[in-house]
Each structure stands twice: as structure tokens, then as C-alpha cells.
Amino acid sequence: MAIVPKEHAVDTDRYPADKASQWEKIPIENDQWTLSHNSLRCEINSMIQALRMFMDRIHDGSVPEWAANTIKEWWISHIAHITDHCKSEETIYKPMFTERFNWPAEIDELHDALDSVKEKVQTAIDKLNTEKSTVAAVRDALSDYEGTMLKHFQVEETTALPLMRAYFTPEEISVVQRKILEDAPENAMGALIYAMSPDGAKFRSDFMAVRGIPSFVWYLAFKGRLAAYKKDVVAKVEAIESGKEQAKKSGWF
């Protein structure tokens, strides 16, 4: 059942739920909040799939040390990404939104659940070594983590997100969302771009153009972040997926 914004009002007279029609140029699936969720969906699922393929190739129960280290390095990057994302929701979105509408309690409950399963992944990562069973433990923990994450995102996208768009104008939110991206870890922006399309084309057409961001900004602010994300995060997933260690550069270049 679709949420009814006016039923969540803090003060109907001061803050009416009448802004939804102003969001026509930015459909909910292209909202930055949704796109940020998609970047995390893509990031976690790609590693789960890579680990499944990797495990199928192991027949003697032994895992190369480089693979265990690669998984750990990937997790460090991911945990910075998801931690910053949840912090933005808790410290920026929630305080701002609760001035105009009642924040859905289920979101906080799922945040707590997400923290719990995240800790279980961390425990599995801490125990990760060259034994196949420890990689399987990480894969299973990540799968549980993904399930909770997806439920959390689905609740936000069907409650808080439409409420935001009913109580706030695009102009009010754009300032906040820009600040969130500017303050996010370097790879968060690259992750968002990559999830839209690995070559950045959809980001340029569906994100930049719609928001009136000049095309030259792609080269100044975004292209490098996409390249860095591919190198720092995607390449690690591809290494696990293929079973081949990332090539290491030597010398000055």
C-alpha cells in the first residue's frame, strides 16, 4: 500500500505535503537517495557473486593469500561507503525531515538490524585466512547482510523517500544531497556513477543533465572518481571473480 504523506505530517498548516508534483523531472528511481542505494546494492552483490564463482574453482581447500587480502581490502572500502551512507541518513536526513514529517520507526529498527549483521561480516572477515571454509563464512555472512540491506533500502524507498518528496522541494533537497556527496568517501561518488553504467554515460545523461550540471564538470569532478572506483573496488571484485591476482605496477608508473 502506498504511503499517504499527509498522515505523517508534523504540522499540516506550516508544512503541507504538497511538493510531490514539483519532482516530475526527477523520478523516484533517479533520486540521488535511490541511486546511492543502487550503488551499495551493486557493490555488495557483485562481491557475493564473485565469491561464489571463486569458491567453485577451489578444489583442494586452500585459498591463495592474495585472495584473502583482496577480500579484506574490498571490505575496508565497502565499510567506509556504507558507514558514511547510514551516517548521512541519521545525522542529515532524519533531523531535517522530522521537522516536517514523522520519521518511520521501521527505518531505525532496520538500521539496528543492519549494524548487527554488519558486525557478523566483520567477524568473518577478521577470521579470514587461506582456508576455504573461512571464505565460505564470509560469503554466507555477506549474503545475510545483503538481505537485511535490501529490506532496509526497500522500506526507505517506499516510506521516507516519498515523504521527503512530498514535504520538500527539489531545490531544498538538492543543496543537502550535493553536500552529502561532497563529504562522502572518494569511492562513494564513483560507486554511484558505476552503478548507473560502468562507462558513466547514464550518469551524464540521467543525473548531470537533469540537474543542470554543466558537461565540463564531468572531466573536473566525476571522470576521475569513476576511474578510481574501478581501480580500487571493481578491480578487486574482478580479481576474485576470475581467480587471478590484480597486476601490480612497478617503478614510477
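In this predicted model, helix 7 and helix 9 pack at an angle of about 90°, with their axes 7 Å apart (axes are lines fitted to C-alpha atoms, for helices over the stretch in contact, and angles run from 0 to 180 degrees between N-to-C directions). The two helices, helix 7 and helix 9, are therefore roughly perpendicular to each other, where angles under 35 degrees count as roughly parallel, over 145 as roughly antiparallel, 65 to 115 as roughly perpendicular and the rest as oblique. Because the model is predicted, local features need pLDDT of at least 70 and side-chain atom pairs count only at pLDDT 80 or more, while totals for chains, interfaces and linings use all residues. Residues are numbered from 1 along each chain as its sequence is written, and side-chain values use heavy atoms, with hydrogens and water left out.

**Contact of helix 7 with helix 9**

- On the side of helix 7 (186-196), the contact is made by Glu186, Asn187, Met189, Gly190, Ala191, Ile193 and Tyr194, contact meaning heavy atoms within 4.5 Å.
- Helix 9 (217-242) contributes Trp218, Phe222, Arg225, Leu226, Ala228, Tyr229, Lys230, Asp232, Val233 and Val234 to this contact.
- The residues of this contact divide into eleven nonpolar, two polar and four charged, with Ala, Val, Leu, Ile, Met, Phe, Trp, Tyr, Cys and Pro counted as nonpolar, Asp, Glu, Lys and Arg as charged, and the others, Gly among them, as polar.

**Overall fold**

- The chain has nine helices and zero strands, helices (H or I, at least four residues) and strands (E, at least two) being DSSP runs numbered from the N terminus.
- The radius of gyration of the chain is 20 Å, close to the 18 Å that the globule rule gives for 253 residues, so the chain is as compact as a globular protein of that length; the radius is taken over C-alpha atoms, and the rule is 2.2 Å times the number of residues to the power 0.38.
- Taken along the principal axes, the C-alpha atoms of the chain fill a box of roughly 70 × 40 × 25 Å.
- Of the 253 residues of the chain, 46% count as buried, where buried means under 20% relative accessible area, exposed over 50%, and partly exposed in between (1.4 Å probe, protein chains only).
- Among contacts in the chain with a separation of 6 or more, 82% are accounted for by residues 24 or more positions apart.

**Helix 1 and its partners**

- Helix 1 and helix 9 pack at an angle of about 30°, with their axes 6 Å apart, and these two helices are therefore roughly parallel to each other.
- In the contact between them, helix 1 supplies Glu43, Ser46, Met47, Ala50, Leu51, Met53, Phe54 and Arg57, while helix 9 supplies Tyr229, Val233, Val237, Ile240, Glu241 and Ser242.
- By class, the contact of helix 1 with helix 9 has nine nonpolar, two polar and three charged residues.
- Helix 1 and helix 7 pack at an angle of about 85°, with their axes 8 Å apart, which makes helix 1 roughly perpendicular to helix 7.
- Here Gln32, Leu35, Ser36, Asn38, Ser39, Cys42 and Glu43 in helix 1 meet Ala191, Leu192, Tyr194, Ala195 and Met196 in helix 7, a contact that has seven nonpolar, four polar and one charged residues.

**Helix 8 and what covers it**

- In helix 8 (residues 201-208), Phe203, Phe207 and Met208 are buried.
- Seen down the axis of helix 8, its buried residues fall within an arc of 75°, so they line one face of the helix, the arc being that of the directions from the helix axis to the C-beta atoms.
- What covers the buried residues of helix 8 includes helix 1 (32-57), helix 6 (170-183), helix 7 and helix 9.

**Individual residues**

- Ser39, in helix 1, is buried, with a relative accessible area of 2%.
- Not counting residues up to four places away in sequence, Ser39 touches His81, Ala191, Leu192 and Ala195; the C-alpha atoms of Ser39 and His81, 42 residues apart along the chain, are separated by 9.6 Å.
- Thr70 lies in helix 2 (residues 65-97) and is buried, with a relative accessible area of 7%; leaving out residues up to four places away in sequence, Thr70 touches Lys236 and Ile240.
- Gln22, in the segment before helix 1, is partly exposed, with a relative accessible area of 42%.
- Leaving aside its neighbours within four places in sequence, Gln22 is in contact with Thr169, Pro170 and Glu171, whereas Gln22 and Ala9, 13 residues apart in sequence, are 18 Å apart in space, C-alpha to C-alpha.
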